[in-house]
Amino acid sequence: MTNRLITEHESYVNVELTKEPELVFHQFFVNYGLTQRESEILSLLVTHGYTNREIAESCFISEKTVKIHLANIMSKIGIGSMRKLLAMLLQQALTLSNRTNESSRITTIGMS
(Lines give C-alpha, C1' and ligand atoms only; values in the text may rest on other atoms or scores of the structure.)
Protein backbone atom coordinates (compact mmCIF):
# COMPACT_ATOMS: atom_id res chain seq x y z
CA MET A 1 0.00 0.00 0.00
CA THR A 2 2.84 2.40 0.76
CA ASN A 3 4.34 1.90 -2.70
CA ARG A 4 1.01 2.67 -4.29
CA LEU A 5 0.68 5.92 -2.33
CA ILE A 6 4.19 6.97 -3.33
CA THR A 7 3.43 6.19 -6.96
CA GLU A 8 0.23 8.22 -6.85
CA HIS A 9 2.07 11.07 -5.14
CA GLU A 10 4.82 11.01 -7.75
CA SER A 11 2.31 11.18 -10.56
CA TYR A 12 0.88 14.38 -9.10
CA VAL A 13 4.32 15.90 -8.64
CA ASN A 14 5.30 15.11 -12.22
CA VAL A 15 2.37 17.05 -13.68
CA GLU A 16 3.78 19.59 -16.13
CA LEU A 17 3.27 23.03 -14.72
CA THR A 18 3.34 26.27 -16.61
CA LYS A 19 6.64 27.10 -18.23
CA GLU A 20 6.54 30.52 -16.57
CA PRO A 21 6.37 30.11 -12.78
CA GLU A 22 6.89 33.86 -12.38
CA LEU A 23 3.49 34.34 -14.00
CA VAL A 24 1.85 32.09 -11.40
CA PHE A 25 3.47 33.99 -8.56
CA HIS A 26 2.72 37.38 -10.07
CA GLN A 27 -0.96 36.60 -10.53
CA PHE A 28 -1.18 35.20 -7.01
CA PHE A 29 0.53 38.28 -5.53
CA VAL A 30 -1.72 40.65 -7.45
CA ASN A 31 -4.91 38.70 -6.64
CA TYR A 32 -4.23 38.98 -2.91
CA GLY A 33 -2.76 42.49 -2.88
CA LEU A 34 0.64 41.48 -1.54
CA THR A 35 3.30 44.16 -1.22
CA GLN A 36 6.59 43.89 -3.08
CA ARG A 37 8.36 42.78 0.13
CA GLU A 38 5.67 40.19 0.94
CA SER A 39 5.94 38.88 -2.62
CA GLU A 40 9.72 38.65 -2.32
CA ILE A 41 9.50 36.75 0.97
CA LEU A 42 6.90 34.34 -0.35
CA SER A 43 8.96 33.72 -3.50
CA LEU A 44 12.04 32.87 -1.44
CA LEU A 45 10.01 30.55 0.72
CA VAL A 46 8.33 28.71 -2.14
CA THR A 47 11.04 28.59 -4.79
CA HIS A 48 14.04 28.02 -2.52
CA GLY A 49 12.46 26.52 0.60
CA TYR A 50 14.26 29.09 2.73
CA THR A 51 13.79 29.15 6.48
CA ASN A 52 12.76 32.39 8.17
CA ARG A 53 16.41 32.98 9.09
CA GLU A 54 17.58 32.46 5.51
CA ILE A 55 14.89 34.81 4.22
CA ALA A 56 15.93 37.42 6.78
CA GLU A 57 19.57 37.17 5.72
CA SER A 58 18.67 37.35 2.03
CA CYS A 59 16.44 40.40 2.51
CA PHE A 60 18.65 42.13 5.12
CA ILE A 61 15.84 42.23 7.68
CA SER A 62 15.31 40.59 11.06
CA GLU A 63 13.79 37.17 11.51
CA LYS A 64 10.98 38.79 13.51
CA THR A 65 10.20 41.04 10.53
CA VAL A 66 9.99 37.96 8.29
CA LYS A 67 7.49 36.42 10.72
CA ILE A 68 5.43 39.62 10.68
CA HIS A 69 5.41 39.65 6.86
CA LEU A 70 4.36 35.98 6.78
CA ALA A 71 1.56 36.70 9.27
CA ASN A 72 0.40 39.61 7.09
CA ILE A 73 0.43 37.39 4.01
CA MET A 74 -1.65 34.73 5.77
CA SER A 75 -4.07 37.38 7.00
CA LYS A 76 -4.53 38.92 3.52
CA ILE A 77 -5.16 35.50 2.02
CA GLY A 78 -7.40 34.44 4.89
CA ILE A 79 -5.60 31.25 5.86
CA GLY A 80 -3.85 30.01 8.96
CA SER A 81 -1.31 27.48 7.73
CA MET A 82 1.71 27.44 5.49
CA ARG A 83 0.53 24.14 4.02
CA LYS A 84 -2.70 25.75 2.88
CA LEU A 85 -0.73 28.62 1.34
CA LEU A 86 1.50 26.24 -0.61
CA ALA A 87 -1.53 24.22 -1.70
CA MET A 88 -3.18 27.39 -3.02
CA LEU A 89 -0.07 28.31 -5.02
CA LEU A 90 0.13 24.80 -6.46
CA GLN A 91 -3.56 24.88 -7.36
CA GLN A 92 -3.10 28.19 -9.17
CA ALA A 93 -0.09 26.78 -11.05
CA LEU A 94 -2.09 23.73 -12.11
CA THR A 95 -5.06 25.86 -13.16
CA LEU A 96 -2.84 28.16 -15.20
CA SER A 97 -1.09 25.15 -16.75
CA ASN A 98 -4.46 23.67 -17.77
CA ARG A 99 -5.50 26.95 -19.36
CA THR A 100 -2.17 27.17 -21.21
CA ASN A 101 -2.51 23.58 -22.45
CA GLU A 102 -6.10 24.16 -23.60
CA SER A 103 -5.02 27.35 -25.37
CA SER A 104 -2.21 25.47 -27.13
CA ARG A 105 -4.59 22.73 -28.24
CA ILE A 106 -7.09 25.26 -29.58
CA THR A 107 -4.35 27.11 -31.47
CA THR A 108 -3.02 23.85 -32.90
CA ILE A 109 -6.49 22.73 -33.98
CA GLY A 110 -7.16 26.12 -35.57
CA MET A 111 -3.93 25.91 -37.57
CA SER A 112 -4.65 22.46 -39.02
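This is a predicted model: local features need pLDDT of at least 70, side-chain atom pairs count only at pLDDT 80 or more; totals for chains, interfaces and linings use all residues.

1. Leu-94 lies in helix α6, residues 82–111. Helices here are DSSP runs of H or I with at least four residues, strands are runs of E with at least two, and both are numbered from the N terminus. With a relative accessibility of 24%, Leu-94 counts as partly exposed; the term covers the range between buried, under 20% relative accessible area, and exposed, over 50%, using a 1.4 Å probe and protein chains only.

2. Residues are numbered from 1 along each chain as its sequence is written, and side-chain values use heavy atoms, with hydrogens and water left out.

3. The protein chain has 6 helices and 0 strands, in the order α-α-α-α-α-α along the sequence. Of its 112 residues, 27% count as buried. Among contacts (heavy atoms within 4.5 Å) with a separation of 6 or more, 55% join residues 24 or more positions apart.

4. Gln-92 is also placed in helix α6. Is Gln-92 buried or exposed? Gln-92 is buried, at a relative accessible area of 14%. Once neighbours within four places in sequence are set aside, Gln-92 is in contact with Val-24, Gln-27, Phe-28 and Asn-31.

5. How many aromatic pairs does a search of the whole structure find? The search finds 2. Phe-25 and Phe-29 form a stacked pair, with 6.0 Å from centre to centre and 10° between the planes. For such pairs, rings of Phe, Tyr and Trp (its six-membered ring) must have centres within 6.5 Å; planes under 30 degrees apart count as stacked, over 60 as edge-to-face and the rest as tilted. Both Phe-25 and Phe-29 lie in helix α2, residues 21–31, and are 4 residues apart, about one turn of the helix. Both are buried.

6. The rings of Phe-28 and Tyr-32 have planes at 50° and centres 4.9 Å apart, so this pair is tilted. Phe-28 is buried, with a relative accessible area of 1%, whereas Tyr-32 is partly exposed at 29%.

7. Helix α3 covers residues 36–48, which is 13 residues, and reaches 18 Å from its first C-alpha to its last, close to the 18 Å expected at 1.5 Å a residue. The expected span is 1.5 Å times one less than the number of residues. Buried residues of α3 include Glu-38, Ile-41, Leu-42 and Leu-45. Gly-49 follows α3 and has a positive phi, near 70°.

8. How do α3 and α5 meet? Their axes come within 10 Å and cross at roughly 100°. Axes are lines fitted to C-alpha atoms, for helices over the stretch in contact, and angles run from 0 to 180 degrees between N-to-C directions. The two helices are therefore roughly perpendicular; that label covers 65 to 115 degrees, with under 35 roughly parallel, over 145 roughly antiparallel and the rest oblique. On the α3 side the meeting residues are Arg-37, Glu-38, Ile-41, Leu-42 and Leu-45, and on the α5 side Val-66, His-69, Leu-70, Asn-72, Ile-73 and Lys-76. They divide into 6 nonpolar, 2 polar and 3 charged. In this scheme Ala, Val, Leu, Ile, Met, Phe, Trp, Tyr, Cys and Pro are nonpolar, Asp, Glu, Lys and Arg are charged, and the others, Gly among them, are polar.

9. His-69 is found in helix α5 and counts as buried at 16% relative accessibility. Not counting residues up to four places away in sequence, His-69 touches Arg-37, Glu-38, Ile-41 and Ile-61.

10. Helix α4 (residues 52–59) and helix α5 (residues 63–77) have axes that come within 8 Å and cross at roughly 105°. Asn-52, Arg-53, Ile-55 and Ala-56 of α4 make the contact with Glu-63, Val-66, Lys-67 and Leu-70 of α5. Phe-60 lies in the loop between α4 and α5. Phe-60 is exposed, with a relative accessible area of 76%, and has a positive phi of about 60° although it is not a glycine.
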